[in-house]
Amino acid sequence: MPENEVILMKRTETNRGRIHADYTWRRELRESIRTVVHLDRHLWLSQREKRQMSDVIERHPMRISHHYLSLIDRNDPDDPIRKMIVPSAEEFNLLGQYDTSGELSNTMMPGLQHKYAQTALILATNRCATYCRYCFRKRLIGLETGEILRRFNDAVKYIERHTEITNVLVSGGDPLILSTDIIERFLQKLSAIDHLNFIRFGTKITVAMPDRILSDKHLLELLRYYTTYKKRIIVVTHINHPREISQKTVVAVKALERASIAVSNQAVLLKGVNDTPEILADLQKQLLKVSIQPYYVFQCRPVKRVKHNFQVSLHKGLQVVERAKRMLDGPSKRFRYVMSHRTGKVEILGISDGYMYFRYHQAKDPADSGKFFKRRLVATAGWLDELE
Ligand code: SF4
């Protein structure tokens, strides 16, 4: 057979594989739960719950993948997975703001933020496999927005011009909800920038829809190729509770590991989900068991329709984190407890003599970098601005 025919055959095979993989996870995405009627078939909601939920999702849409839904214990009304993904009347509480970290002020063009000198942040999409009720970008998830990347080439030019940028975090929404072709385009353009050392993808797909990874070997091949030959790729997962780590998640993470992708985790401390030392410690242990490096535990941001329902005070947060660390070995307590404040990423260090102590892990103003500071303790405060 002539060589060009072999190439053509191979391409056709590859395309068939691509189409099949696309079909599998896209169908799962299409069939995800977006209406109260659909959810009621699975969770047997009361009339009151249904009414309230309908009002809530008019403002902030619901999307729940069947995989995520299957993790809920239907007999437990306080189930932590349920709390994270099922809309509730608690979202009527408007305490807080929609942009708590000054994201709009760091936006250089739609979808490109530059807050810390070394890191550029791309908002690649406003969609996810599941819409978490505690999301700090609630203002744009599943909604009409002008905050998503529109001019990718201009964003690339901006990053090329700013040689102080050493890494790009591709986030959203969930960037792994994008087609493999689009992800490839991101990788092609970004890996050609000399001064970048690595590219990160911030994603919840490993727990929300692990089939996105498992059913698409082209995605894995692509990631393996780029991380091996072009630019180091890190996947930053977002897992908050040990029960999110299903068998499928373990297999998906192993597949990433086999593709030479480093995986680390950012959790958020959430009331009624992981705000006990035992659960937080167990989470770190389970992460490490499946080769995910604990990286950050974030203080929940004071986001409108989130703060009241999910935020614990800094005082309680510190107690939970410190007690959890007492149950952990060195590698599993390598994470930092931090607050993503508009002035920088602030590490929450401890309490002594009526004061809380902090340090800038990263600062918007380079002059603040590494700065150590204290504030008088207010036991109920949930954010730096609530301390004197
Ligand atoms: S997957 Fe991430 S971006 Fe999407 S809703 Fe959840 S927390 Fe927000």
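Two residues are in contact if their C-beta atoms, placed from the backbone, lie within 7 Å. The model examined here is predicted: local features need pLDDT of at least 70, side-chain atom pairs count only at pLDDT 80 or more, and totals for chains, interfaces and linings use all residues. Residues are numbered from 1 along each chain as its sequence is written. Helices (H or I, at least four residues) and strands (E, at least two) are DSSP runs, numbered from the N terminus.

In α7, T180, I183, E184, L187 and S191 meet H218, L219, L222 and Y226 of α10. By class, this contact of α7 with α10 has 5 nonpolar, 3 polar and 1 charged residues. Here Ala, Val, Leu, Ile, Met, Phe, Trp, Tyr, Cys and Pro count as nonpolar, Asp, Glu, Lys and Arg as charged, and the others, Gly among them, as polar. The axes of α7 (residues 180-191) and α10 (residues 217-229) come within 10 Å and cross at roughly 5°. That makes α7 roughly parallel to α10 (angles under 35 degrees count as roughly parallel, over 145 as roughly antiparallel, 65 to 115 as roughly perpendicular and the rest as oblique). Axes are lines fitted to C-alpha atoms, for helices over the stretch in contact, and angles run from 0 to 180 degrees between N-to-C directions.

The strands were considered next. An open sheet of 12 strands runs in order from β1 to β12, with mixed pairing. Its edge strands are β1 and β12 (372-376), and each pairs on one side only. Two strands pair if DSSP finds at least two bridges between them. Strands β2 (residues 112-113) and β3 (residues 119-123) run antiparallel and are joined by 2 bridges. Q113 stands opposite L121 in β3.

Two loop residues were also examined. L94 lies between α5 (80-85) and β1 (107-109). L94 is exposed, because 10 other C-beta atoms lie within 10 Å (a residue is buried with 20 or more, exposed with 12 or fewer, and partly exposed in between; C-beta atoms are placed from the backbone). Leaving aside neighbours within four places in sequence, L94 is in contact with K304 and R305. L94 and R305 are 211 residues apart in sequence, yet 5.2 Å apart in space, C-alpha to C-alpha. P331 is found in the loop between α14 (314-326) and β9 (336-341). P331 is exposed too, with 11 other C-beta atoms within 10 Å.
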